[in-house]
Amino acid sequence: MPTTTASLTISSADLTSSPINISATTNLTEAGTGIGLQSTSGLARRETESVTPYVLYRSDDYADDKSHKVYLKNLSPISSEYFTVYLTGDRATGAHDATDQSITGLTEVGRLYAGDFAFIPWNSASGTKEAFTVTVANTWAAGDTFAFDGVTVVAVNSTVANVASQINNAYYPNWTTSVATAVVTFTSRTSRADLEIDTTEAVTTTAGDGTGAVATTVTGTKSLSDIYIKPSVATTMTLESMLIYQAV
Amino acid sequence: MATTTATFTLNSSDVTGHPFTMTQTATLTKAGGSTGLDEFTGITSRTYAAAQTDTVIVADSIYSVAASSHKVYVRNTSTGTSDYILVELEGNVIIGRLYPGDWMFIPYGGTLDVQVTTIATGVTIEYGVFSQSAAS
């Protein structure tokens with residue numbers, strides 16, 4: 001079991017009339033246990049030359065409701081340069097909009113100015129992944145096709161269960177699949193609220209009356225806690241980061 | 001001008017195949033300059049007799065939302081392993097969980113309250129804010 005220790009000291013001789021010395025140390029453990037966190041992204045650096053926000057850590061990639069920890073540091077040597085740290089959210093209020101930092105759809109945590117670091121607990125709350133079914137029915141023939149997500153499946157015979165199996169066995173860039181007899185269930189690889197698939201996207205082309213009816217079974221929602229980073233300037237800035245996380 | 005220094009150390013001999021030690025030190029300054037942060041709430045220590053839901057520990061109304069580099073420190077000072085504190089921004093924007101002994105040190109924009117939700121009775125917590133005055 002790994003042991004990872006995080007310590008913080010904050011000290012000042014003159015911020016208040018008495019010296020301040022705050023000290024905290026913790027062993028990073030999995031949620032609700034004494035078992036040490038076992039996974040890490042490694043210490044990473046990312047250089048940017050744009051003020052466009054980017055996703056640093058996506059909740060879908062990590063287990064929900066755990067005790068993940070995120071380290072961030074702004075390596076810029078220029079005191080006016082900062083990274084704004086955001087979480088997914090809809091908390092861009094009017095007051096928030098009064099600053100130049102607000103982005104509708106994201107929630108500002110705060111700014112890391114040059115040299116600043118942060119150590120942040122991260123809940124990693126995913127959203128819901130859109131799901132729909134394709135029901136292979138009626139009369140199919142070899143050569144009929146099903147096309148979706150840039151992938152075209154060509155039926156090798158007329159058995160609907162076999163066609164469904166073929167559809168299931170294909171690899172879709174943005175979807176995973178499972179199959180039960182002649183019904184294939186597609187599940188989005190990421191949590192998104194903007195997906196609504198119908199037969200204009202999942203296209204069945206058959207010579208006879210074969211069909212591939214599409215029905216939404218789960219309506220997707222966006223992730224609730226992706227971590228976004230927005231550099232303050234379009235000149236080179238470097239963010240150092242590390243995620244120490246619980247795999248399951 | 002006050003000088004406040006924060007030092008972070010992270011080390012592990014076995015979380016990867018190579019021992020890892022990192023120490024980072026930052027002098028806490030106002031936004032965009034080298035002038036030190038000039039306000040501090042002190043460290044508040046609380047024991048919650050009952051489980052809390054969205055209890056405000058940092059009220060945004062008293063902090064500048066203009067260019068600012070406030071910092072929030074929170075620690076779960078409870079014992080055991082399971083009684084976590086859920087740290088949120090106002091509006092149920094969940095930041096993360098602090099299990100007993102865990103601490104956090106985050107930048108704070110001053111735009112939303114910082115809140116905590118607890119799941120047990122007797123949870124203890126300490127927290128404080130280092131900030132720059134609105135007049136800065």
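Strand β1 (residues 4-12) of chain B and β1(A) run antiparallel and are joined by nine bridges. Strands here are DSSP runs of E with at least two residues, helices are runs of H or I with at least four residues, and both are numbered from the N terminus. Two strands are taken as paired if DSSP finds at least two bridges between them. Within this pairing, A:Thr4 has B:Ser12 of β1(B) as its bridge partner.

This is a predicted model, in which local features need pLDDT of at least 70 and side-chain atom pairs count only at pLDDT 80 or more, while totals for chains, interfaces and linings use all residues. Residues are numbered from 1 along each chain as its sequence is written, and chains are lettered from A and ligands numbered from 1 in the order in which they are written.

**The sheet across the two chains**

On its other pairing, β1(A) is joined to β2(A) by eight bridges, again antiparallel. There A:Ala6 stands opposite A:Thr26 of β2(A). The strands form an open sheet of four, in the order β2(A)-β1(A)-β1(B)-β2(B), with antiparallel pairing. Because β2 of chain A and β2 (20-27) of chain B stand at the edges with a single partner strand each, one side of each is left without a neighbour in the sheet. From one strand to the next the twist averages 10°, with axes being lines fitted to C-alpha atoms and angles running from 0 to 180 degrees between N-to-C directions.

| Strand pair | Bridges | Direction |
|---|---|---|
| β1(A) and β1(B) | nine bridges | antiparallel |
| β1(A) and β2(A) | eight bridges | antiparallel |

**The contact between the chains**

Chain A gives 58 residues to the contact and chain B gives 53 residues. Two residues are in contact if their C-beta atoms, placed from the backbone, lie within 7 Å. On the side of chain A that touches chain B, the elements that give two or more residues include β1 (4-12), β2 (20-27), β6 (68-74) and α1 (94-97). The most comes from β1(A), with nine residues. By class, this side of chain A has 24 nonpolar, 28 polar and six charged residues. Ala, Val, Leu, Ile, Met, Phe, Trp, Tyr, Cys and Pro count as nonpolar, Asp, Glu, Lys and Arg as charged, and the others, Gly among them, as polar.

**Chain B**

Chain B has eleven strands and zero helices. Its C-alpha trace spans about 40 × 40 × 25 Å along the principal axes. Among contacts in chain B between residues at least 6 apart in sequence, 72% join residues at least 24 apart.
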